[in-house]
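Trainee: Could you pick one part of this model and take me through it closely? Please spell out the cut-offs as you go.

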Amino acid sequence: TTGCVNVGTFNLVVDEAAVANPVSLTEPLLTTCDNDGRNDGSTEFDLTLFDTIILGTPAPANFTVHYYDDETEYLLDMAEGVTTTNSRAISDIANYVVTNTQNIMAVVINRTSTTGCPDEAKFTLTVNKLPEVTLADGFFCFDPVTNLPLNTFALTATVDPVAGNYTYEWTKDGAPYAVPDNTVNVIQVDEEGAYSVKVTNVTTG
């Protein structure tokens, strides 16, 4: 009714959104065998190896990737906006210790944007313990006249854990020892020597 008019102005800013490329479930980097000598289900992963997967190649300028193993810590960092230093992210990403399995969240941030425009990719790291195998010593008899064996000895590879799909690679005195079936943990031997066996879990590699 008064005819009075006031005009305000504001700016709309469109930031380039970050893109976190997904990590394929078949990515070899997701799993590793516990080869550090302890076989306790814990070993180190180098998370920096995931950078090129998540950021792509070549990596876009001004985009950074950070790794979290706790979603609460991630949300607290994101609440700080683009100025966040990601202080709650995993710090030693080149030597990150995983026990059995661990869920990881990779977060990509556009450092030149107003809001950070974050994007995330989630994946799971898995440590596979090595099968532990024991061989029992044994003996067999020879005929003193013919010097031929009178019996054979059943050499058994006992594997822990028992459940699993295993193959057995036998050696005698350091040389390959041929067997008719490499999926069987028992061989019959009638020659003296130092026998050993390499057991591989077919499922985990």
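Mentor: Let's start where β1 runs parallel to strand β6 (residues 119-128), with three bridges between them. Strands here are DSSP runs of E with at least two residues, helices are runs of H or I with at least four, and both are numbered from the N terminus. Two strands pair when DSSP finds at least two bridges between them. Within this pairing, T31 sits opposite T126 of β6.

Before we go on: this is a predicted model with residues numbered from 1 along each chain as its sequence is written. Local features need pLDDT of at least 70, side-chain atom pairs count only at pLDDT 80 or more, totals for chains, interfaces and linings use all residues, and side-chain values use heavy atoms, without hydrogens or water.

On its other pairing, β6 meets β5 in the antiparallel sense, and eight bridges join the two. M105, for instance, has K122 of β6 as its bridge partner. Put together, you get an open sheet of four strands, ordered β1-β6-β5-β3, with mixed pairing. Its edges are β1 (31-33) and β3 (63-68), each of which pairs on one side only. On average, neighbouring strands of this sheet are turned by 25° against each other, with direction ignored. As background, side chains in a regular strand alternate between the two faces of the sheet.

So what lies across it? Helix α2 (residues 71-78) lies across β3, β5 (101-110) and β6, and runs at about 10° to β5. Contact means heavy atoms within 4.5 Å; axes are lines fitted to C-alpha atoms (for helices, over the stretch in contact), and angles between N-to-C directions run from 0 to 180 degrees.

β6 also has a part in the aromatic story. Searching the whole structure turns up four aromatic pairs. One of them, F50 with F123, is stacked, at 4.6 Å centre to centre and 15° between the planes. The two residues are 73 apart in the chain: F123 belongs to strand β6, whereas F50 is in the loop between β2 (42-45) and α1 (51-55). For the cut-offs, rings of Phe, Tyr and Trp (its six-membered ring) pair if their centres lie within 6.5 Å; under 30 degrees between planes is stacked, over 60 is edge-to-face, and the rest are tilted.

Strand β9 (residues 166-172) is joined to β12 by seven bridges, the two running antiparallel. There, Y166 has N201 of β12 as its bridge partner.
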